[in-house]
Amino acid sequence: MIPNYVIASVLALLLCATGVTLWLDRRERRMNRQLSIALQTSPTASLTSIRRTETGARSMLLYRLANYNPDIVHVLHPVYVLLVGALASLGVFYANQLFGFSTSDVSIAAAIVAVLVVRGLFGWQRRRFSNRLFRQLPDTIQLVTSTVRAGLPVNEAFRTIAREMPEPTAGQFAIVCSQIGLGVAPEDAVEAVYRRTQVAEYAMFSVTLAVQLKSGGSLAETLQILAETVSQRVALAARAKALAGEVIFSSRALSLSPLIIGGLLYAVNPQSINLLFLDPTGNMLLAYAVGSVVLGHFVIRWMIQRETSL
């Protein structure tokens, strides 16, 4: 039988290698994107490569499995996230010393826990990035409106946003200014922000710019209406989150109550709790209880996010 520490070491090395691969692939994709914008490709070079298509499909499958978006700025480096996943899997192996399950079952459980932890951390960073970008959008549109009313072009408004707005809006519009400098249309550059971040309001912003710049009309008035609409959506999202605060607190209390009650019972009568750790039937019951609590917590969280999303 393979020792548990050997399996844990191999799993940790695989996760570290995955993190390095993600980082290198992200840098290569960024360089290829900049080169494709800066250089004109020939008809032969624009043909689809079967090898590149297969490689890109594998990369996207890996990204979707890890819930990783290479086009946003992460608070935690992907390697650190993968290390946290490896530590979580090691925690499963360490906890198995109390239960004594088979190595194959524990390995499967450790892999599932590692994937869930990695997906959760990447998803949390993506939601945090998108929410900050969404809350800053009304001020961004208002700044564009003020600049256009002053008689300056839209490009100058984007440069002002890149200089004066906080992150992550400043970083995204710095990319927009770079793309415009390379010949990309302003509406296409703003649409690229939507494709990178999946913030739907940037798609509305892009459509507004495209219609007004091509058909004419008062761009400042249209952007003012858009800014008011987005402000109402931001206020509605904040109100929905506030109304869901009671449900969120209740879900967390329900998730923590078994741990608190179990600790109190262990303090009163340790023998009643020791059966869950020493008896095989108690081990199965404890594993089922932990799995049920964790699954219920994520189901409640998914329901809250589904009902409060705009």
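Arg196 is buried, with a relative accessible area of 9%; buried means under 20%, found with a 1.4 Å probe on protein chains only. The model is predicted, and local features need pLDDT of at least 70, side-chain atom pairs pLDDT 80 or more, while totals for chains, interfaces and linings use all residues. Residues are numbered from 1 along each chain as its sequence is written, and side-chain values use heavy atoms, without hydrogens and water.

Arg196 belongs to helix 7 (residues 186-197); a helix is a DSSP run of H or I with at least four residues, numbered from the N terminus. Leaving out residues up to four places away in sequence, Arg196 touches Asn69, Asp71, Ile72, Gln172, Ile175 and Gln179, where contact means heavy atoms within 4.5 Å. With Gln172, the side chain of Arg196 also makes a polar contact of 2.9 Å (N or O atoms within 3.5 Å, one able to donate a hydrogen and the other to accept it; residues adjacent in sequence count only if both atoms are side-chain atoms).

Next come the aromatic rings, which pair if their centres lie within 6.5 Å; planes under 30 degrees apart are stacked, over 60 edge-to-face and the rest tilted. The count is 3 aromatic pairs. The rings of Phe158 and Phe173 have centres 5.3 Å apart and planes at 55°, so this pair is tilted. Phe158 sits in helix 5 (residues 154-164) and Phe173 in helix 6 (residues 169-181), 15 residues apart. Both Phe158 and Phe173 are buried. The rings of Phe173 and Tyr202 are also tilted, because their planes stand at 50°, with centres 6.2 Å apart.

Definitions and conventions:
Helix = DSSP H or I, 4+ residues; strand = E, 2+ residues; numbered from the N terminus. Buried < 20%, exposed > 50% of the residue type's maximum accessible area, 1.4 Å probe, protein only. Phe/Tyr/Trp six-rings, centres within 6.5 Å; stacked < 30°, edge-to-face > 60°.
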